[in-house]
Amino acid sequence: MLDRYGRNINYLRISLTDRCNLRCVYCMPEEGIHQIPRTEILDTDEIVRVCRAASELGISKIKLTGGEPLVRRICIPLVKELKALPGISQVTLTTNGILLAEQLPELMEAGLDAVNISLDTLAAETFERITRRSALPQVLQGLEKALSYPSLKVKVNCVPTFQPEADLIQIAELARENLLHVRFIEMMPIGLGKEFTARGEEQIKVVLERAYGSMTPTGERLGNGPCHYYTLENFQGRIGFISALSHKFCDSCNRVRLTSTGFLKGCLQFENGADLKALIRGGCSDETLKAAIEKVIYEKPAGHNFQEEKKGNEESHIMAQIGG
C-alpha cells in the first residue's frame, strides 16, 4: 500500500514483549522497567489477526522484535502461523542471541527466513559493561548455531557507544570470516539513548578503512529496511549502516510498527497511531480493523525531526544555564 507521500509500506515490525534478559545501558535501567501485565500484551491469535489484515493491504514482510522476543514462548508457533498467511513472504527475527541456540532448530522448522543478532562487542569485559550481564558465550553460541543453517540469512547489529575502536574492527571481522552482514546502527536520541553521543557512519568508516582498506558502496538490497551496504576486499559478507540521523532515510521508509500492547505507529518518534488491541478486544469486524491499519499507513509522517528536537533541547539547556 502507498502512503500519502507515495512510499510503498510493505514491512511491519512487531514487538512481542517489553521484557528482556539483558540490561543494555542505552536501552534499559539496571533495575529493569515496570513490566506491562501479560494480559495487556497481544496474544498469538490477536497478532495473527492484525497481520492477516495488514497483509491484505500490502504488508508482505514481518519482523519480530522485543524487548527480547525469544523470552516469549509464543515465538515459534507464531512464526509458523505468520508464514502460513497469504501474502506474507518473509518472517524474520531480531534477538540478543542468548536463547537462540536453544530455540533455533524449531524456529527453522517453523519457517524463519532470517535472523539479526544484536552484538556490540566481542570483548567479554566490554560486553558486560554494555549489557550488565555475563552472557557473551551464549550469544556467540547462538551466532554459531545460526551460521550452521545455509538457508538462514544472518546479520549482526552493532550499536557503537563507548567501545574502543578495536572492538568495532573485531565486529566487522565477523563479515570477513563468515557469510553474514554486519550493520552499524546509529544511536537514536530516544529514552536512555539520549545520554550517549551518536558515533556516526563517517566516523566508523574511517576506523574500518584504516584497518581494511577502501569501502565500496553497493546498490544491493540485502534486507527489508533502510540499511545501505559497502564491500571490502576479501570479505565474505557486507558492512552496512543504518544511520537515521546522519543519513536520514525517511523518504524511503517502508515500515510501520506494532507495539506489544497492540498500538500501531507510523513512525518511531511520534505517538499518533491506532490502538488495535482496543478495537480487537472491543469486538470489531475485520473490515474495521483493516480500515484502522490503512489509516495509519496512509497518514505515516513524512519524516522524523530528532535532530531538530535534540538541537532545541540543547538550546533550552544553554538558555537555562545563562538564565535565559
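Biologist: Which residue's backbone oxygen does the side chain of S15 reach?
Modeller: The model is predicted. S15 lies in strand β1, residues 11–15, and beyond four places in sequence it is in contact with T65, G66, G67, L258, T259 and S260. One of these contacts runs from the S15 side chain to a backbone oxygen at 3.3 Å, and that oxygen belongs to G66.

Biologist: Does S15 count as buried or exposed?
Modeller: The relative accessibility of S15 is 15%. The cut-off for burial is under 20%, so at 15% S15 counts as buried.

Biologist: What is omega for the peptide bond that joins G66 and G67?
Modeller: Most peptide bonds are trans. G67 is found in the loop between β2 (61–65) and α2. The bond joining G66 and G67 is cis, with omega about 10°.

Biologist: What is phi of R132?
Modeller: Most residues other than glycine have a negative phi. R132 lies in the loop between α4 (124–131) and α5 (136–147), and it is partly exposed, with a relative accessible area of 25%. R132 is not a glycine, yet its phi is positive, near 60°.

Biologist: What is the relative accessible area of S55?
Modeller: S55 is placed in helix α1. Not counting residues up to four places away in sequence, S55 touches P86 and I88. S55 is buried, with a relative accessible area of 13%.

Biologist: How far apart in space are L82 and V48, C-alpha to C-alpha?
Modeller: L82 lies in helix α2, residues 75–83, and is buried at a relative accessible area of 0%. Leaving aside sequence neighbours within four places, L82 is in contact with V48, C51, I62, L64, I88 and V91. L82 and V48 are 34 residues apart in sequence, while their C-alpha atoms are separated in space by 6.5 Å.

Biologist: What volume does the largest cavity have?
Modeller: Rolling a probe the size of a water molecule over the atoms shows where empty space is left. Counting cavities of 30 Å³ or more gives 1. The volume of the largest cavity is about 30 Å³.

Biologist: How many residues of the lining of the largest cavity are charged?
Modeller: The lining is made up of P160, F184, I185, E186, R199, G200, E201, I204, F241 and S243. At least two residues each come from β6 (181–185) and α7 (201–212). Glu and Arg count as charged, so E186, R199 and E201 fall in that class. The lining divides into 5 nonpolar and 2 polar residues, and the charged ones number 3.

Biologist: What is the C-alpha distance between P164 and T126?
Modeller: P164 lies in the loop between β5 (153–158) and α6 (165–177). It is partly exposed, with a relative accessible area of 42%. P164 and T126 are 38 residues apart in sequence, and their C-alpha distance is 9.0 Å.

Biologist: For the whole chain, what share of the residues is buried?
Modeller: The chain comes to 10 helices and 12 strands. Of its contacts with a separation of 6 or more, 71% are between residues 24 or more positions apart. Among its 324 residues, the buried share is 52%.

Note on methods
Residues are numbered from 1 along each chain as its sequence is written. This is a predicted model: local features need pLDDT of at least 70, side-chain atom pairs count only at pLDDT 80 or more; totals for chains, interfaces and linings use all residues. Side-chain values use heavy atoms; hydrogens and water are left out. Helices (H or I, at least four residues) and strands (E, at least two) are DSSP runs, numbered from the N terminus. Buried means under 20% relative accessible area, exposed over 50%, partly exposed in between (1.4 Å probe, protein chains only). A polar contact is a pair of N or O atoms within 3.5 Å; within protein, one must be able to donate a hydrogen and the other to accept it, and residues adjacent in sequence count only if both atoms are side-chain atoms. Contact means heavy atoms within 4.5 Å. On a 1 Å grid over the protein atoms alone, a cavity is a set of points where a 1.4 Å probe fits but cannot get out, and a pocket is an open set with protein on both sides within 12 Å along at least five of seven lines; lining residues have an atom within 4 Å of a point. Grid points are joined across faces, edges and corners, and a volume is the space filled by probe spheres set on the points.
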